[in-house]
Each structure stands twice: as structure tokens, then as C-alpha cells.
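Here is a friendly note to read beside the structure. Keep the viewer open and look up each residue as you go.

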Amino acid sequence: MRIEQDVLKILLAALLLMAAIPWTAGKLSSDIFFEWPFFFEVAIGGLLAGVMYSLVALGFVLIFKASGVFNFSQGAMVLFSALTLVGLNELGVPIWLAIVFTLAIMVVLAVVIERVVLRPLVNQEHIILFMATIGITYFLDGFGQTLWGSEVKLLDLGIPNSPGLYFGGQILINDFDLVAALIAGILVISLAFFFQYTRIGRALRAVADDHQAALSIGIPLKHIWVIVWAVAGIVALVAGIMWGSKLGVQFSLALIALKALPVLILGGFTSVPGAIIGGLIIGAGEKLAEVFIAPMIGGGIEDWFAYMLALAFLVFRPQGLFGEKIIERV
Amino acid sequence: MADNDKAFLTINNIEVIYDHVILVLKGVSLEVPKGGIVALLGANGAGKSTTLKAISNLLGAERGDVTKGSIEYKGEQVHNLNPADLVKRGIVQVMEGRHCFEHLSIEENLLTGAYTRSDGRKAISDDMKLVYDYFPRLYERRSSQAGYTSGGEQQMCAIGRALMARPDMILLDEPSMGLAPQLVEEIFEIVRKLNQNEGVSILLAEQNTNIALRYSDYGYIMENGRVVMEGNAGELGENEDVKEFYLGISTEGRKSFRDVKHYRRRKRWLT
Ligand SMILES: Nc1ncnc2c1ncn2[C@@H]1O[C@H](COP(=O)(O)OP(=O)(O)OP(=O)(O)O)[C@@H](O)[C@H]1O
Ligand SMILES: [Mg+2]
């Protein structure tokens, strides 16, 4: 399909661009250490980390597309789901069962949010719904920590967390990152399938296109909202599991939502492939910038690189890489 | 049919208020018999669309509310039902301005129309064939993104999509909008066939008084949120006032033709 080719082209172009800078710099000055295997090692590590950003951004996009609501609480949902999972596990529930329970809890959460927050506010301005999601954020942050405590918890899924050598022993990749990327990939592909080929998926796309028309042919928006929030909750859980087992389950998980913002600006708020590709570019970009460009200008790029990139995009391509084309007929 | 003129849909003196303050319908009553085509006529802002949305209950999404009167369909009070329940009971609205799902293909658009149905894949694909029979052009464009099809094709898509819900009654809002005269004629022919062959009752809101009266059995003329005149389509077409104000012809020639043209031109900007 066309969009997939675009995705590949853009990713490739971005990578080459990122390689060009340190490579020329390496030619010019001997302070910069540049070797292709090392470059790819950093790039792959970054891409794999970017998968996480993609997952969080994906949660945003789903809800934004279906209801026009910018869901500020996506990060809080990541934290809440991870806390619940670890909490259940600590109560003695085996981890796989705990995952199933947490999935169910995220679905219930979606139902409750629709009932208690969205339904009474239906037809209100978007800004009001946005503020309501800020409320949900604080609630989830507080409630999760009250319920399960606020100390850092370990989440161990038993996925090997050791670096392995790949590509003829030249490139070092963390096995855990590979597994995480694989799981994320499977999730994304199943979501794409769900959206493209099922009756509910089609209804979701219809609502995203024109919710009045969807209403007119009897698609109940309430159900659709529950479904997207539930899907966003499930995506949050997957992100929470991955980040949580990497960094420990702690409050800072909620902050990865802040990284999703530049991802969204890059990829476009309404594009699922955009969220994925945006996450990958930002993940790879910030690692590469940190390793190869930071020494030139004195370090610490990783923290703000994503926002710089987003800013540049806002100036030159505000709809993002894949922002939905507005179909104009004349 | 035996019960041909038994009222199928009855609206009794309804009042509609938008945003809690703007009174738009000030007591509208009308009836649609089973198997009939009834036209709802009037200029911009007369309240035609509002009347249709009051029936289909799409008003809720626009902060409108039926505050008085009653709406009865197949002998049942329906004005508190949500749109999905109404679709399940057989009333579907085709909105003004078509509102196809632009990023979905024509075929996917049609399939979304069957969302509320639970009678199985077979029945749905049979109905899809039926829709393609009525609208062969949709079949040709079935895999195009709806947003890139022509205005006429989008209108057909919107009607076809509504048909996929297997309705007993279609609320058709300005199907002629922005279409070339031959195409308007073509679409009205199909609507008539649907009415005759499938027995779908139709409540039609139109500014194009001329064509609407030719294809309908009965008409209501609205002004300012009220029904000001009603009658058999043929009689309305002969009425002097209707001729003068809505058909642009009067005994002294075409004196109000410019007004008619004027509001048609404005219409494009307004919608
Ligand atoms: N959502 C809304 N909020 C407030 N007022 C509205 C709303 N929708 C319509 N109105 C007002 O209600 C009146 C009737 O509008 P309506 O759309 O029903 O007219 P219409 O007869 O369908 O006109 P047209 O031929 O232009 O479609 C107009 O004065 C319009 O301004
Ligand atoms: Mg109208």
C-alpha cells in the first residue's frame, strides 16, 4: 500500500540525514567518534526506544480521531495500568493472570470514563473535554498511587534483559528491546487489521470522518467512545508493561506522555502510521543526537531534541508528516 | 396497499428550541402516510431541516431540543428515542449536504449503513446488490474513496447508505442541492422507484419546489418555523401564491424570479 512505502521512505531519509551530520563532522574533526556499525547500534537502540513513544502516541491518536478529544490522561493511563499490574502481581496473582485482570480493569475504566465524564459533557466545546481529561489525569495519578503505593516497583516479565550481538557480532542490541518492539509491532498490526476489516473498526473510521453522519445511520457514539477508550487503555497497558519493566514502575511513567506530544506534532494528530513513524524518528533522533551531535555543542541534547524537531515541524509542516489530507473538491 | 393512507408518521404541534433559547419551530404538525412521498417546502431557514432532525433526533447533537408536542411513528411515541433506536425502528435520515464518510470507499460507506442490522452477512450483501441495482454508478465507483467522487455520486452514496439500514421511512434533506438539473431528475426518479418498489415512505425537504411537487403526493409549505400551507402536490402546484413565491411564476409573468434566484445563490454560501 502507498502509505507503507511513504513510511519507509521517510524513515530512511530521516536516518540518512541523521547519519550525514555526524559523518561529516567526523570527517572534519577528530573529536567525534564515528563508525558505521556504532552508528547503527545507536540508531537501532533509539528506534526500539521510539517504539514506546509510538505506543503512547497511538493511544492519543485513537481517541483524538474518534472523538476530537485531546486526551491529556494517556500518560496517566500508562502509569495506572502498570501500577495495577504490579500491584495485583504483588498480591500474589501470577503475572499472566494479572495482565488479563488489568486488561479487564482498563476496559471497565473506559466504560466509567464514558459514563461519568464524557456523556454528561457531550456537545460541549473541545476545550472543556480537554480540561475534563486533565481531571482524569489527576484522578488516575492519585487513585493509582493511593491504591498501590507510590514507591518504585519492579516489574519482571521474565524477558531476558541482556545485550546480544547481532549482524556478525558487530552490533549490540538489547534483547528486551527487541521483544518489546516485536510485541508492539504485533499490537499495531492487529489494530490496523481491526480498523480496516471489522464492522466495529469501520464504524470507528466512520465516526472519525463525520460523527453526525455516523449518528444519522445509527452508529451509537457512546459505544464507539467506550471502544476507543478501551483500546487506548489496552495500548497504555502494553506501553506501561514495556516501560515499567525497563525503568521500574514509578510516577515518571506518566511523564512519557510529554514525549508523545512532539511525536504527535511530527506524525500528525489524526494519523496512526504517523504516530508510529513519529515515535521511531524521535526515538532514533534523540539517541543519535545525544551520541553524535551533543559532543560538538556540549551535551544534553536528548532532553530537548524532540521538542526542537517538533517546533521545526510546526513551522514548516503543521499538519505533520501524515496529517490526514483534507479532501477538497472544487 | 390496504392501509395506504393510514398515518405512518404523525408530528403533532412540535416546538424546537436550540441552545435553550432560540425558538426555531413554533408548532409544526404534519403527517406522512404509509408508502407516501410527502414534500416539506420553504425558503432558507424556514425550519425544514430542523423538522427532519427533530424526527430522527439528530437535534441532540446540535444542542436542539423538542420542547412541546409529540412525534408518533407506527403508533408509538418516538421523540425520546436516540438516533440508533430510530434507525432500528426503520427511520433513517439522509442529511442535507450528503455527509458521506470521505475517507471510506463507497462500498465501506454502504456497509456502515448496515451497522444496526443483525440479520447476517447474506442479507446485507443482498441489499448491497439491490443498492447497486438502483445506483449502477455506485457499483462502478465502489472502491473509490467517497471524498473523491462527484457530488451526484455522493448524493447517491448517502441515499444508498441509508437504504442499507432497510428503512421503512427515509427523511431526505435537499437531495437536489448543488446538482445539475438532469442529475436531480435522475435522483428523483430513483427515489420514486424506491418508493414504489420497496415501499419506503419518504419525507422530503426541498427548496426546489418545482421538482419536489412533481414527485410527491402531498406537500407542506413552511415559513419561519410554521406550516403556512398544505395540500395535494397537484393543487399546491396550481396555487397562485405558491406559483408566485416558490415557483417563480405568477399571472403577471415571472416577477419574483430574481428573488428566487437570489436565495438560490445565497444558499451556496450558507450551507
Ligand atoms: N444548531 C443550530 N443552532 C441554532 N440555530 C439553528 C441551528 N440550526 C438551525 N438553526 C436555525 O434554525 C432556523 C431553521 O433552520 P433549518 O436548517 O431548519 O432551515 P431549513 O429550512 O432547513 O433551511 P435551508 O433550506 O437553508 O436548509 C434557522 O433560522 C437557523 O438559523
Ligand atoms: Mg435545511
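1. Start with one pair of residues: B:Leu9 stands opposite B:Val32, which belongs to β2(B). Their strands, β1(B) and β2(B), run antiparallel and are paired over nine bridges. Two strands count as paired if DSSP finds at least two bridges between them. Helices (H or I, at least four residues) and strands (E, at least two) are DSSP runs, numbered from the N terminus. In general, strands of a sheet pair through backbone hydrogen bonds, in a parallel or an antiparallel way.

2. A word on the ground rules. This is a predicted model, in which local features need pLDDT of at least 70 and side-chain atom pairs count only at pLDDT 80 or more, while totals for chains, interfaces and linings use all residues. Residues are numbered from 1 along each chain as its sequence is written, chains are lettered from A and ligands numbered from 1 in the order in which they are written, and side-chain values use heavy atoms, with hydrogens and water left out.

3. Now follow the turn. β1(B) and β2(B) make a hairpin with three residues between them. In that turn, B:Asp19 has a positive phi of about 55°.

4. What is the strand order of the open sheet in chain B? The four strands run β2-β1-β4-β5, with antiparallel pairing. At the edges are β2 (22–33) and β5 (76–77) of chain B, each of which pairs on one side only.

5. Next, look at β1 (residues 7–18) and β4 (residues 64–73) of chain B, an antiparallel pair held over eight bridges. Two places to check are B:Ile11, opposite B:Ile71 in β4(B), and B:Tyr18, whose bridge partner in β4(B) is B:Gly64.

6. A helix joins this picture: to find what packs on the sheet, look for α1 (residues 48–56) of chain B, which touches β1, β2 and β4 of chain B. The direction of the helix makes about 110° with that of β1(B). Here contact means heavy atoms within 4.5 Å. Axes are lines fitted to C-alpha atoms, for helices over the stretch in contact, and angles run from 0 to 180 degrees between N-to-C directions.

7. Stepping back, chain B has 11 helices and 10 strands. Of its 271 residues, 53% are buried; buried means under 20% relative accessible area, exposed over 50%, and partly exposed in between (1.4 Å probe, protein chains only). Among contacts in chain B with a separation of 6 or more, 68% join residues 24 or more positions apart. The chain exposes about 12,300 Å², and carbon and sulfur atoms supply 47% of that area. Accessible areas come from the Shrake-Rupley method with a 1.4 Å probe; for residues, only the protein chains shown count as cover.

8. How many salt bridges does the structure hold over all chains? The count is 21, where a salt bridge is a side-chain nitrogen of Lys or Arg within 4 Å of a carboxyl oxygen of Asp or Glu. One of them joins A:Lys259 to A:Glu286, with the closest N and O atoms 3.5 Å apart. This pair links distant parts of the chain, from helix α10 to helix α11 of chain A, 27 residues apart. Both A:Lys259 and A:Glu286 are buried.

9. In chain B, the side chains of B:Glu62 and B:Lys53 meet in a salt bridge of 2.9 Å, N to O. Is B:Lys53 buried or exposed? B:Lys53 counts as buried because its relative accessibility is 12%, whereas B:Glu62 is partly exposed because its value is 27%.

10. Another salt bridge connects B:Glu153 and B:Arg141, with 3.1 Å between the closest N and O atoms. B:Glu153 sits in helix α6 (residues 151–163) of chain B, and B:Arg141 in the loop between α5 (136–140) and α6, 12 residues apart. B:Glu153 has 8% relative accessibility, so it counts as buried; B:Arg141 has 26%, so it counts as partly exposed.

11. Finally, visit B:Ser144, also in the loop between α5 and α6 of chain B. B:Ser144 is buried because its relative accessible area is 17%. Leaving aside residues up to four places away in sequence, B:Ser144 touches B:Leu104, B:Ser105, B:Ile106 and B:Thr149.
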